Amino acid sequence: MKVANILLSIMFLGFAALQYNDPDPIIWILIYGAMAVDCGMAAFNRYIRNLIRLQAAGYVLYAGILFHGVIDWLKSPDPSLLFNDLAKMQYPYIEEAREFLGLLICLGVLAWYWVRSAPNKA
């Protein structure tokens, strides 16, 4: 698990670095940077359950705000636009759907860390 967590940490650092030209870079650099820290700590079997809970709550709230973009994307005549770099300029819901999916990745990792950090009930 140590190697997987280190790779996840590097991946989230890469995600954070790619946000410099995003329409809202600060929030995404903070989100992905926090995830990189979480993964780095998990590599050494260190979990802060209150931090995991706080991050997850924030990400769920933000995902709720972005969810209408996912609905618009799913209703669009060409869902493959999600992977078209120019489409985000034409359709704001593309960026919102992408951000929503990024939050789902974060929430999946946090859920895994929540399970791993549970106290043993022996």
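In this predicted model, helix H1, which covers residues 2–17, and helix H2, which covers residues 25–43, have axes that come within 8 Å and cross at roughly 165°. Because angles over 145 degrees count as roughly antiparallel, H1 is roughly antiparallel to H2. The crossing in which H1 passes H2 is left-handed.

On the H1 side, this contact is made by Lys-2, Asn-5, Ile-6, Leu-8, Ser-9, Phe-12, Leu-13, Phe-15 and Ala-16, while H2 contributes Ile-29, Tyr-32, Gly-33, Met-35, Ala-36, Cys-39, Gly-40, Ala-42 and Ala-43. By residue type, the contact of H1 with H2 divides into 13 nonpolar residues, four polar and one charged.

H1 also packs with helix H5, which spans residues 92–116, at an angle of about 150° and with the two axes 13 Å apart. H1 and H5 are therefore roughly antiparallel to each other, and their crossing is left-handed. The residues that make this contact are Asn-5, Leu-8 and Phe-12 of H1, together with Ile-105, Cys-106, Val-109 and Tyr-113 of H5. Six of the residues in the contact of H1 with H5 are nonpolar and one is polar, with no charged residue.

The two pairs are set out below.

| Helix pair | Angle between axes | Distance between axes |
|---|---|---|
| H1 and H2 | roughly 165° | within 8 Å |
| H1 and H5 | about 150° | 13 Å |

Asn-5, Leu-8 and Phe-12 of H1 are listed in the contact with H2 and also in the contact with H5.

Note on methods:
Residues are numbered from 1 along each chain as its sequence is written. This is a predicted model: local features need pLDDT of at least 70, side-chain atom pairs count only at pLDDT 80 or more; totals for chains, interfaces and linings use all residues. Side-chain values use heavy atoms; hydrogens and water are left out. Axes are lines fitted to C-alpha atoms, for helices over the stretch in contact, and angles run from 0 to 180 degrees between N-to-C directions. Helices (H or I, at least four residues) and strands (E, at least two) are DSSP runs, numbered from the N terminus. Angles under 35 degrees count as roughly parallel, over 145 as roughly antiparallel, 65 to 115 as roughly perpendicular and the rest as oblique. A crossing is left-handed if the near helix is turned anticlockwise from the far one by less than a right angle, and right-handed if clockwise. Contact means heavy atoms within 4.5 Å. Ala, Val, Leu, Ile, Met, Phe, Trp, Tyr, Cys and Pro count as nonpolar, Asp, Glu, Lys and Arg as charged, and the others, Gly among them, as polar.
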